[in-house]
Protein chains: 2
Amino acid sequence: MTVKISDVAIEAGVSTATVSNVINNTRYVSVEMKQRVTEAMNRLGYMPNPVARSLRSRKSNTIGLIVPIKTRDNADNFYLSVANGIESVLKSSGYHLLLSNSQEDPVEEIKRIQMFNTQRIDGLIIAPTCGLCSGNEELFGDYPVVFIDRKPSALVGDWVLVDGMKGAYRAVAALLDKGHRRIGCIAGLMDISTSRERMEGYRRALSQYGIAYCESLVRIGDMSLESGYELTGQLLKESRVTALFIANNAMSRGALKYLKENQIKVPDDIALIGFDDYEWTEFVSPALSVIRQPSNELGIKAAEMLLSRIKNDNLETQGHMFDAELVVRGSF
Amino acid sequence: MTVKISDVAIEAGVSTATVSNVINNTRYVSVEMKQRVTEAMNRLGYMPNPVARSLRSRKSNTIGLIVPIKTRDNADNFYLSVANGIESVLKSSGYHLLLSNSQEDPVEEIKRIQMFNTQRIDGLIIAPTCGLCSGNEELFGDYPVVFIDRKPSALVGDWVLVDGMKGAYRAVAALLDKGHRRIGCIAGLMDISTSRERMEGYRRALSQYGIAYCESLVRIGDMSLESGYELTGQLLKESRVTALFIANNAMSRGALKYLKENQIKVPDDIALIGFDDYEWTEFVSPALSVIRQPSNELGIKAAEMLLSRIKNDNLETQGHMFDAELVVRGSF
DNA sequence: CTGAAAGCGCTTACAG
DNA sequence: CTGAAAGCGCTTACAG
């Protein structure tokens, strides 16, 4: 049988209340008693049972994370990096991380949230699918929520985002500065807020430089490598673009694949700026210029925000916007 | 106040025992009562409190996962893919996944395990660091453990591995078949079992082809991109290798970076086979040949194994070895 | 300053 | 076939 608080109480010759108060620093205990309790705990090798603790205190010391990773196999680095950042913060606060994946599927997402509701988490960090965009206030349980990467406009809650609009603006402006005037854009699905914002950045850059927005230069893809491949081909064949801004990582990979297979030279035949900065972007030929999102920092910030909200629920709604910088390499 | 089992019992006019037995199917309940209970639950929107449940039943419906991901930012895809596989299995069984990262640091790893011990998990899946290799039997709590990717020889437990020896053998044999005789090898740290096995595969292939093993063609790195970069340079300068087998993904990236920066042509100047199959391997020039590890499948298998062990602890120790295939592309 | 006791919301022997 | 009651291991009012 594992040793419990009553064993410690007997061993130390005090009440369980006192043991508990020593453990949790929840009321004054005389130095002498404190010492006796500590020694008893050490002698017995006592570890509090967190489940009993949770039941009574109504705190789980656990937070949930729901990410939308679609691909089965070579999964999306971005959210792993986010998760890593979150975990590093939680760990030092003694919190645990429950990981779940909505697979970018709104139906799955609701199931995952419900699983968490039932599981008593102290807080949730979620990168929502488009399904959450409207009117699901009732979905979440009685815990604070921090939205990351994407913000469902209809929901209240803290958020940590990356300024994709400015990022996209920078990319397109850089292409314009190089003299490009027919700049294609391959963006993700418009029901996802990040896609809309990046598209908006594309438009604003054009407008700032006095270039008319032309629908025939724009393609929307489902954020898969395949769609990037396909749409790059379309854009090159149908509209004589001299540069391409691809607002998503998987689609950037698809574009590279198409260009390579068709022996289209970057940046001579076409200039290229992609999205998200992974290590491989450096050693493709030429190295790929990208808009970099600070994924690890985003995770850290989200975790910190959630923990502070858990400690003090009276805070006003908080938000943090990270900047997305242009990493210039040889592709434009 | 949230609705609890006693509310349902009153609403249905039965005992809490009966409600519990309906929920858990744990003893016969007459059809009529069952119906009354079900209806009462629906009317009240009852959800069992999993914490109370865990406390009494001593089951958490949660399993832990500890991965060793070192890099802060662009983290290792392999383990994310594994985690994805695990999560997909757990989800359909109603289990939750607690994620933790040892950062490849044995001290951190022990802390993470202890956090889990204290947290009442029903099982643990762990890719151990070298620190676990010997004599830490006492470390784990009273739950089954499945080792993945690496197996500490001194510990008993189920395991799911990838046959890195055969994988490495295949890579080196393929290079030998092409006529290469001076084949360099860049391997990971020898205190990690996967590194040793891949190295062993390298040696066996050489020996099979009657080529003497030559220490000056071998370098050991710390599995970082930087070490791959550095060691590739060393090997090319110091020993006239015509081919390179790089037994780790991050180091493969480093090698590519070095070769690119120094304008060394693959496969003409040097043939190359790397490790782990990510999407980008296809669109570097030339596309990188690799040994592919079935990461997602590995996660699925590990989760299945753990769940079956949780259900029935009398099983004999189980193990599963996945094959690692050679994906042939243009780099050799 | 500390203790005795209630109670968190379930499951599970024990009775009948 | 079902219920009354104990108990999982803590924390937290309530007393003094």
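The model is predicted: local features need pLDDT of at least 70 and side-chain atom pairs count only at pLDDT 80 or more, while totals for chains, interfaces and linings use all residues. Residues are numbered from 1 along each chain as its sequence is written, and chains are lettered from A and ligands numbered from 1 in the order in which they are written.

Next, colour helix 2 (16-24) and helix 4 (50-57) in chain A, and helix 2 (16-24) and helix 4 in chain B; these elements each give two or more residues to the surface near DNA strand C. Helices (H or I, at least four residues) and strands (E, at least two) are DSSP runs, numbered from the N terminus. Helix 2 of chain B gives the most, with 6 residues.

Move to the contact between the chains, which takes 39 residues from chain B and 39 residues from chain A (contact: C-beta atoms, placed from the backbone, within 7 Å). On the side of chain B that touches chain A, helix 4 (50-57), helix 5 (77-92), strand 2 (96-101) and helix 10 (249-261) each supply at least two residues.

How values were computed. Two residues are in contact if their C-beta atoms, placed from the backbone, lie within 7 Å.
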